[in-house]
Amino acid sequence: MLPVIRTHDQYQSFVLEQLRTHYSGGILMLVAKDWTFIEKFWLLDLSGTSSLLNSQYATRGIQATDPADLLRAYLLMVQVGQTSITAWVDELRRVPLYAIISGFKPGHTPGVGTFYNLFARFWPLTSSHISGQIKPKRNKKPVKGKKGEKAPTTTPKKVERLVNRLLVRRPAPRALPTDILMSLFREQFVEVSAKLGLIGDVSALSVAGDGTPIRTAAFPRRKRICSCRVQGIQDCTCNRLYSQPDCTIGWDSHRNCHYFGYHLYMFTASDSHADLPLYPRLGPASRHDSVSLVVGIKEFEQY
């Protein structure tokens, strides 16, 4: 059932009331670090989250938790430095301040499944992955670059062909799995920063782009789905089931080593004092920076 939505002013009134109830003259006390979290989320208006996700909720059933509170709780988890949803649910129950900042009354915090239901609403695909998990066995040796340099591209003129395709054919905008998430990022963060003048002159915006590696595992995880081993064939070429099919092996020029994971290409506002992000784009680790630039520009224009 659709959640009950409250404004940011109502959230601020709730925080004041709960802090006075639990931290005024009682056993619980606030330290200097706590005020940093309180101030950040006091200014962060996430009340528009519900309207963006309105179509993802059913009109019947149990009353849903306000997604703004869940998103606030998740962002607080990142600020605290916690990486496990299960452990964070325990923290919300154990530390009243974390529950209050998130927008929940102490003792009435969400469970693990509630957070994962929110994540599913941000991701419209039925699968957690963009590509299929069943793929041919990867025997291709990863390309190694020189120390301090990007790995060379393995397909000459690939960028030229890609640019010509975008300039000549001008393909129509297509639906992407990240549409809901990027709409939230644009409306709740980028546009707010623009109104506050934090990203420079939007009529003459200066944008910079660069890639960075994101390591997700030490090596690709895969398992057999064939019966070749039973037949005595140890090194077969049959398809494998990959747990992270969207990840590949890439070259980290900064650390001078290969890694398995994603390649994050980020567009930032170069006129911003803090180089605020404008559009993040995840791709396979093997993708070259130049390809990510061309693909990212097209999607950035679409968003």
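Reader: Happy to start with charges. How many salt bridges are there?

Author: Here is the general idea: side chains of opposite charge can pair when their charged atoms come close. In this predicted model, the count comes to 8 salt bridges.

Reader: Which side chain meets Arg 6 in a salt bridge?

Author: That partner is Asp 69, with an N to O distance of 3.2 Å. The pair ties together distant parts of the chain, since Arg 6 lies in the segment before H1 and Asp 69 in helix H4, 63 residues apart. Both Arg 6 and Asp 69 are buried.

Reader: Where do Arg 255 and Asp 252 stand, buried or exposed?

Author: The side chains of Arg 255 and Asp 252 meet at 2.9 Å, N to O. Arg 255 has a relative accessible area of 57%, so it is exposed. Asp 252 has a relative accessible area of 5%, so it is buried. As for networks, salt bridges with shared partners join Arg 6, Asp 69 and Arg 72 into one.

Reader: And what is the N to O distance between Arg 186 and Glu 187?

Author: Their side chains form a salt bridge at 3.4 Å. Arg 186 counts as partly exposed because its relative accessibility is 26%. Glu 187 is also partly exposed, because its relative accessible area is 31%.

Reader: Now a charged residue without a bridge. What is the nearest side chain of opposite charge to Asp 34?

Author: It is Lys 33, 7.3 Å away. A salt bridge needs a nitrogen within 4 Å of a carboxyl oxygen, and Asp 34 is buried yet has none. Asp 34 belongs to helix H2, which covers residues 32–43. Its side chain does reach the backbone nitrogen of Val 31, at 3.0 Å. Leaving aside residues up to four places away in sequence, Asp 34 touches Met 29 and Leu 97.

Reader: What does Leu 19 touch, not counting residues up to four places away in sequence?

Author: Leu 19 touches Ser 24, Ile 38, Leu 97 and Ile 100 on that count.

Reader: Let's finish with strands. What is the strand order in the open sheet?

Author: In general, strands of a sheet pair through backbone hydrogen bonds, either parallel or antiparallel. Here the open sheet has 3 strands in the order S1-S4-S3, with antiparallel pairing. Strand S1 (134–135) and strand S3 (222–224) each have a single partner strand and stand at the edges, so one side of each is left without a neighbour in the sheet.

Reader: Over how many bridges do S1 and S4 pair?

Author: S1 and strand S4, residues 240–242, pair over 2 bridges in the antiparallel sense. To find the pairing on screen, look for Lys 135, which stands opposite Arg 240 in S4.

Methods:
Residues are numbered from 1 along each chain as its sequence is written. This is a predicted model: local features need pLDDT of at least 70, side-chain atom pairs count only at pLDDT 80 or more; totals for chains, interfaces and linings use all residues. Side-chain values use heavy atoms; hydrogens and water are left out. Helices (H or I, at least four residues) and strands (E, at least two) are DSSP runs, numbered from the N terminus. Buried means under 20% relative accessible area, exposed over 50%, partly exposed in between (1.4 Å probe, protein chains only). Lys and Arg count as positive and Asp and Glu as negative; His and the chain ends are not counted. A polar contact is a pair of N or O atoms within 3.5 Å; within protein, one must be able to donate a hydrogen and the other to accept it, and residues adjacent in sequence count only if both atoms are side-chain atoms. Contact means heavy atoms within 4.5 Å. Two strands pair if DSSP finds at least two bridges between them.
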